[in-house]
Amino acid sequence: MAQLWGGRFTKETNQLVYNFNASISFDQKFYHQDIEGSIAHVTMLAKTGILTEEEKSQIIDGLMGILQDVESGTLPITSEYEDIHSFVEANLIKRIGDVGKKLHTGRSRNDQVALDMKLYTRDEIVALKELILALMNTLHRLMKEHIDTYMPGFTHLQKAQPVTLSHHIGAYMEMFRRDYSRLTDIYERMNYCPLGAGALAGTTYPLDRELTAKLLNFYGPTLNSMDSVSDRDYLIELLSACSTIMIHLSRFSEEIIIWNSNEYRFIELDDAYSTGSSIMPQKKNPDIAELVRGKTGRVYGALMSLLTVMKGIPLAYNKDMQEDKELTFDAIDTVKGCLALFTGMISTMKVNKEVMANSAKNGFTNATDAADYLVNHGVPFRDAHSIVGQLVLFCIEKEISLDDMTLEQYQTICPVFQEDIYDAISMKTCVEKRNTIGAPGQEAMKQVIAIHEAYLKTLNEG
């Protein structure tokens with residue numbers, strides 16, 4: 001058992017206790033961040049005169065050698081070490097001797113692991129933002145391509161009013177823009193360096209915490225040593241943001257699954273993002289969309305677990321907090337995988353434009369516009385609403401759409417109708433006359449697409 005402590009103890013830790021306590025199986029993910037933080041730490045120690053320049057050089061050379069050997073696979077991270085910190089320090093001492101024992105000067109594993117987690121999380125936020133940006137670029141392309149692809153809009157999963165696929169996808173563009181913004185906010189709030197906080201009460205060494213923060217690209221040092229080692233707010237925020245991303249992916253997946261069904265046939269998923277059945281040869285299953293929908297619960301579980309872990313912990317550090325890592329690692333990896341696969345799935349799907357348009361027409365989505373027609377011809381709205389209800393009932397009985405009714409049939413129910421009713425209730429008219437900003441009309445959509453274009457250009461170039 002390779003441990004960084006033991007002088008106070010007179011016998012070995014029980015093996016089961018050791019295994020239960022150890023975190024090397026999952027915090028080995030931190031090896032790069034742990035070495036990066038250690039290099040900054042010894043650089044600062046030398047700058048403040050706590051270490052000599054020679055000692056600094058020896059330690060950094062040793063750390064770089066460990067990093068290279070881990071990444072090349074010649075130095076495996078094994079379970080004989082309690083955690084990633086003991087792995088790095090033990091191997092450093094093995095390589096450079098007693099000088100390696102000075103690495104931990106002015107530092108505790110409490111502020112060290114707080115630093116590693118922040119460095120790791122910061123990198124993962126950047127990776128998540130890149131994946132969301134790729135998804136938004138795909139959504140933007142689809143919006144531009146389908147500005148005149150008419151389809152039914154829904155409320156209560158009932159056909160309501162006609163919209164366009166561009167407008168429908170635009171709703172998800174807004175959601176993912178908010179997701180991107182949330183991740184940016186979390187990064188801004190969390191980007192302060194906990195190293196130098198010690199176990200909980202700082203240190204008597206004359207550390208330059210501003211320098212350490214600068215070397216690691218933080219905005220500055222954290223301002224309370226107790227909070228520095230016990231803060232997991234940024235992880236709770238990140239898991240909350242990840243859960244919200246998964247809400248949006250899951251909602252969109254649900255629609256993809258419905259649209260891909262035989263009853264709808266709005267879209268057809270590419271073979272690369274579908275699977276078949278072992279016994280039913282006709283099946284083409286939307287497994288990726290279903291898995292995204294299913295994995296949403298997994299990410300929610302991570303958030304609820306961490307909230308529960310943190311709810312009763314007194315200041316400062318407690319071992320309970322070790323539970324944050326596996327939860328966060330799994331949630332981040334899940335969201336990253338879902339974002340990448342979902343983007344590929346929607347970028348390759350085939351859109352059946354004619355089927356969508358016919359569904360809007362046959363679902364009486366233009367009924368509101370028929371009522372508006374009557375109102376514009378002097379009929380009170382409540383009367384117009386009742387008249388159009390009668391029209392719909394007539395069409396259901398005859399198994400036709402409002403567009404298929406003859407003028408004589410219209411006038412039998414209400415003599416106000418004239419030949420221009422057909423233009424008033426066409427899908428094109430119903431959509432195109434809705435041009436206030438945020439509506440599905442083409443002019444309104446062009447404005448929104450231009451706004452997204454400028455926004456994405458800034459992100460893609462930045």
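1. Let's begin with the rings: the structure holds 13 aromatic pairs, where rings of Phe, Tyr and Trp (its six-membered ring) pair if their centres lie within 6.5 Å. This is a predicted model, in which local features need pLDDT of at least 70 and side-chain atom pairs count only at pLDDT 80 or more, while totals for chains, interfaces and linings use all residues. Residues are numbered from 1 along each chain as its sequence is written, and side-chain values use heavy atoms, with hydrogens and water left out.

2. Have a look at Y192 and Y219. Their ring centres are 5.7 Å apart and their planes stand at 75 degrees, so the pair is edge-to-face (over 60 degrees; under 30 counts as stacked and the rest as tilted).

3. Where do Y192 and Y219 lie? Y192 is in the loop between α7 (165-190) and α8 (209-215), and Y219 is in the loop between α8 and α9 (225-230), so the pair ties together parts that are 27 residues apart in sequence. Helices here are DSSP runs (H or I, at least four residues), numbered from the N terminus.

4. Y192 is partly exposed at 34% relative accessibility, and Y219 is partly exposed too, at 43%. The class lies between buried (under 20% relative accessible area) and exposed (over 50%), using a 1.4 Å probe and protein chains only.

5. W259 and F266 have ring centres 6.2 Å apart and planes at 45 degrees, so this pair is tilted. Both W259 and F266 are buried.

Notes
Helices (H or I, at least four residues) and strands (E, at least two) are DSSP runs, numbered from the N terminus.
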